[in-house]
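Subject: The two-chain model for you to look through

Dear colleague,

Here is the structure that I said I would pass on to you. Please open it beside this message, and take your time going from the text to the picture and back.

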Amino acid sequence: MSNVKSILISGVGGQGAILISRLLTGGLIKAGYDVKQSEVHGMAQRGGSVTTQVRWGDKVYGPVFGKGQADIMIALEQMEAVRYADFLKPDGVAVINDYKRDSMTTASGLEEYPEGCVEAMQEKFETIVVDADGIARELGNAKCMNVVLFGAICDKLGEDGIDWEEIVKETVPAKALELNIKAFHAGRAAAGME
Amino acid sequence: MEQQLLSGNEAIARGAYEAGVQVCAAYPGTPSTEILENTALYKDDIYSEWAPNEKVATEVAYGAAVAGARSLCAMKMVGLNVAADPFFTAAYMGVKGGYIVVTADDPSMHSSQNEQDNRYYARAAKVACIEPADSQECKDFVKYACEISEKFDMPVLFRTTTRISHSKSLVTFGEREEHEITPYARDIKKYVCAPANAYQNHPKVERNLAELEKYGCDCPLNKVEMNGTKIGVISASVAYQYAKEAFPEDTSFLKLGLTWPLPMDLIRDFASKVERLYVIEELEPFMEDAIKAAGIDCIGKELTGKMYELNPQLISERVLGIQPETKEVSVKAVSRPPALCPGCPHRGFFYTLSKDKNNVVTGDIGCYTLGMAPPLSCMDTCVDMGAGFTVGMGMSKAFDIAGDDSKQIFGVMGDSTFFHSGMTGAAEIIYNKGKVIPVILDNRITGMTGHQENPGSGYTLMGEEGVRLMPEKIMEAYGYKPFVVDPQDLDAMAKTVEEAKACEEPACIITRRPCVLLKRAPKPTQKCVVNTDTCKGCKKCLGVGCPAVAFHDGKAEIDPTQCIGCTVCAQVCPFKAIETQEL
């Protein structure tokens, strides 16, 4: 179990966490790891808070993990980073999409959207903040936000032997290939890797 | 051999293919839905169907097994409540071809109304319970399940949980082994459950179960892993994975794949080889109680708890006393409950009913259960599939007795739920003179589970064009006067509600507009935008409960990435400050 690594992807239902986990698992399987991934469907998906978990290593047992067990968090939305902060190991790394999405309760004024989510994460964890939403819009399609974010985190996975660009090429649909390759590199650039 | 990352549900479908299963039937329900979506991909070899409900699916698969085919039906755990009747009796009669009933339980209730532990159904019905612990076992165990079903002449309950069904792990594929359907011969004593036949069949059930327990003590489904003599763990399903991860390496395991009947001799032998025995299982002390009842000392639920999912960290903490190392951040997230999608046709209906506090809404299971969520908060009850009509019926009788005629009850369910178990309720209301207006929210698809075809959608699971049953025709045949309306037109919706209330004959309402996420639905042609000059900040638009509508700096704001231009918010704006923009 010693070499098992765990990623938590958090966001709002419909934001595209599944593609990120497909990219991750695609690369990790190719590299020869045992891989497990877990997600939930149904009621929770309708605009609610959702998480996907990916784990890899020589032998992975649990498809999910608990508090203090994630090496990396990929948060597709600011508040969804702080919601699951206690899943991160104390030395874990967070990459956060610098983007706020109201919940039904904050949109209708029943609750206040909390201020300072990103700063709160930066205070405690190594945190990479990427305006993935803005970058994706500039590229012409807000939907590729997930691939921007993936580009920003992939060097932190510690899997230098995996050609992540190749994995993106193999995974995304052909008609969206050019856009997603741009999104991947824009994410890497935003995280200071290119 | 080929290895693929499969969810447990995909792997069960693959297992069905490889085991030579020929007939599969299900009603969709999270977390079981993808099993049939995937058996349908093997359409040259497997007949797959969406049945109107789980009872029908269970009976269809059973009929196929009686005729000699290998068959499988699948449902979420509450689906087996619906299907319990044929399940119990099939257990007495037995099978010819292998017969598998898959139940997908949902610990933590990610998408369910209770946390029932369906292993008890296997015990109550006196059939085998098989529990895979990862996707490879999901695939492999289907074949064992078919063989056990045929050898011990019983249905097999194949039990997964959300984390088995919806977790992905690597699976090595095999080839399909064809199952031959031998010529059919009538067998009245076996397959007609008249009392005299049932009386004769019961001893056979007890004998087969006893034989199966012996088989369980030496079979590929149950495995002993001796690593030390200090600690032993008996576990099954995903809890086994968590325990493997959490317990020290010198822990020995008895990993059970066949969890009913429990292989008590094997368990007793394992228990005798370790100093301290734990039973690690999610939800109820199903194994623990039986093991303790056999006089074997063990530790379990007093540490692990019987509510909600486990995970490796929770086992470390609760069983081994290891606290997780975490950091607390200074900001707390507020709630983000699920909501009706932007453009959801149900919104206009619930918004309209929410305007009159004398409306009582007895709801049902589906996306529209979210009509209960603030700010709409427009639902009084939601119990089970079909209860929207019938719980309303009971309330109407109670209101009558109390002399309260101020209330108007609307019994509400979707089109798929209507075909599932609403039609009997519709007969009940008109037969027993209930003061309930049945409402069918017809979005032409089974929505919440992710768009499965149903008898009203015009297609079958195998992709063939089929009938398109119209709820208004059925209701008309019962004697109702149906009012069909587009719920997105708020004026028409309000008028229809008033007409139905005033109608002297029994009235029903059918709201018709396709689910906004439906691939066959027309693409949006416009978006709503707030004119900030005319917006007075009255917040009336927030009352429709649309995730795309928010309020910032004293004005309404519409998220252009979420809005699909349904105009419900615009229709409620008293200042006409929400305008549409062509795309």
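What radius of gyration would a compact globule of 194 residues have, and what value does chain A have? Before the answer, please keep in mind that this is a predicted model, and that the values below are computed from it. A compact globule with 194 residues would have a radius of gyration near 16 Å, and chain A, at 16 Å, agrees with that.

The two chains, one at a time

Along the principal axes, the C-alpha atoms of chain A fill a box of roughly 50 × 40 × 35 Å.

Chain B has 20 helices and 23 strands. Its radius of gyration is 27 Å, which is close to the 25 Å that the globule rule gives for 583 residues, so chain B is as compact as a globular protein of that length. The box that the C-alpha atoms of chain B fill, again taken along the principal axes, is roughly 80 × 65 × 55 Å.

Where the chains meet

The area buried between chain B and chain A is about 4,900 Å², and carbon and sulfur atoms give 60% of it. On the side of chain B, the residues that lose the most area to chain A are B:K327, B:V334 and B:R336, which together make up 17% of what that side buries.

One of these residues, B:R336, also takes part in a salt bridge with A:E80, in which the closest N and O atoms are 2.5 Å apart.

Some places within the chains

Over all chains, the count comes to 48 salt bridges. In one of them, the side chains of A:R188 and A:D155 meet at 2.8 Å, N to O. Why does this pair tie together separate parts of the sequence? A:R188 lies in helix α8 (residues 177-190) of chain A, whereas A:D155 lies in the loop between α6 (145-153) and α7 (164-171) of chain A, so the pair ties together parts that are 33 residues apart in sequence.

In chain B, please find B:E225, which has its place in strand β9 (residues 223-225). Leaving aside neighbours within four places in sequence, B:E225 is in contact with B:Y240, B:K244, B:T251, B:S252, B:F253 and B:K255. With B:Y240 the contact is also a polar one between the two side chains, at 2.6 Å. By contrast, B:E225 and B:K190 are 35 residues apart in sequence and 41 Å apart in space, C-alpha to C-alpha.

Details of the backbone

Most residues other than glycine have a negative phi, and most peptide bonds are trans. Against that background, a cis peptide bond joins B:T30 and B:P31, with omega about 5°, and B:P31 is found in the loop between β2 (23-26) and α2 (34-39) of chain B. The peptide bond from B:W260 to B:P261 is cis as well, with omega near -5°, and B:P261 lies in the loop between β12 (258-260) and α11 (264-272) of chain B. Finally, B:K126, in the loop between α5 (119-125) and β6 (128-130) of chain B, has a positive phi, near 65°.

With kind regards

Key
Residues numbered from 1 in each chain as written. Chains lettered and ligands numbered in written order. Predicted model: local features only at pLDDT ≥ 70, side-chain atom pairs only at ≥ 80, totals over all residues. Heavy atoms only, no water. Buried area = accessible area lost by both parts, 1.4 Å probe. Salt bridge = Lys/Arg side-chain N within 4 Å of Asp/Glu carboxyl O. Helix = DSSP H or I, 4+ residues; strand = E, 2+ residues; numbered from the N terminus. Contact = heavy atoms within 4.5 Å. Polar contact = N/O pair within 3.5 Å; in protein donor to acceptor, adjacent residues only side chain to side chain. Rg over C-alpha atoms; globule rule 2.2 N^0.38 Å.
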